[in-house]
Amino acid sequence: MRARHKRDIVLKTDPVTNEKYWSNEIVTVYKPDEADRVDAVLDILKGVTTAEEVRKKFDIATVNSIYTWIGKYVTQEKSLSLDEPTDEDMARKSKDDQIRELQSQLKQARKEAELEKLRAKAYDTMINVAEETFNIPIRKKSGTKR
């Protein structure tokens, strides 16, 4: 679900010269929610879409906002709690409460796993781009001696 908000400056394109410029006017735009952002970042890193296409889809002023999302979700570090519930704690809770707690832990673990996959994919993409751009081998090749 995208939330509505008002923006008082809009990026426009002059139809004659095809130049972009900022215009001061109030328009209602829709701000993408967290799920939309995560999906967009995943699509970009998988190569399904580009940052520019996502910018146009969500009517975002600059591509830098999209790159900020990528940085946020790739470097986001929320660690899972490794504290195991004791038998005493579990015995005090009803079966429904236990199930709800375990389901929320599973949901959080899945989210963390997806973020780790996203982070690994982003690092891999960064290395590929750096190797292509600078023509320098960054990854250690198998079979090399020290």
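Analyst: Buried residues make up 23% of the 146 residues in the protein, and this is a predicted model, so each label rests on a value computed from it and a cut-off, where buried means under 20% relative accessible area and exposed means over 50%.

User: What makes N18 count as exposed, and where is it placed?

Analyst: N18 has a relative accessibility of 60%, and because exposed means over 50%, N18 counts as exposed. Its place is in the loop between β1 (3-13) and β2 (20-31).

User: Why is N135 called exposed?

Analyst: The relative accessibility of N135 is 69%, and the cut-off for exposed is over 50%, so N135 counts as exposed. N135 is found in the segment after α5.

User: What is noted about phi at N18 and at N135?

Analyst: Most residues other than glycine have a negative phi. N18, however, has a positive phi of about 65° although it is not a glycine, and N135, also a residue other than glycine, has a positive phi near 55°.

User: How do you know how α1 and α5 are packed?

Analyst: Two packed helices are described by the angle between their axes and the distance between the axes. For helix α1 (residues 34-46) and helix α5 (residues 95-134), the angle is about 35° and the axes are 10 Å apart, while the crossing in which α1 passes α5 is left-handed.

User: Which residues of α1 and α5 meet?

Analyst: On the α1 side they are V41, L42, L45 and K46, which meet E114, L118, K121, A122 and T125 in α5.

User: Where is confidence lowest and where is it highest in the protein?

Analyst: The lowest confidence is in helix α4 (residues 87-92), with a mean pLDDT of 66, and the highest is in helix α2 (residues 51-57), at 88. Over the protein the mean pLDDT is 78, and 76% of the residues reach 70 or more.

Notes. Residues numbered from 1 in each chain as written. Predicted model: local features only at pLDDT ≥ 70, side-chain atom pairs only at ≥ 80, totals over all residues. Heavy atoms only, no water. Buried < 20%, exposed > 50% of the residue type's maximum accessible area, 1.4 Å probe, protein only. Axes fitted to C-alpha atoms, helices over the stretch in contact; angles between N-to-C directions. Helix = DSSP H or I, 4+ residues; strand = E, 2+ residues; numbered from the N terminus. Left-handed = near helix turned anticlockwise from the far one by under 90°. Contact = heavy atoms within 4.5 Å. pLDDT = per-residue confidence, 0-100.
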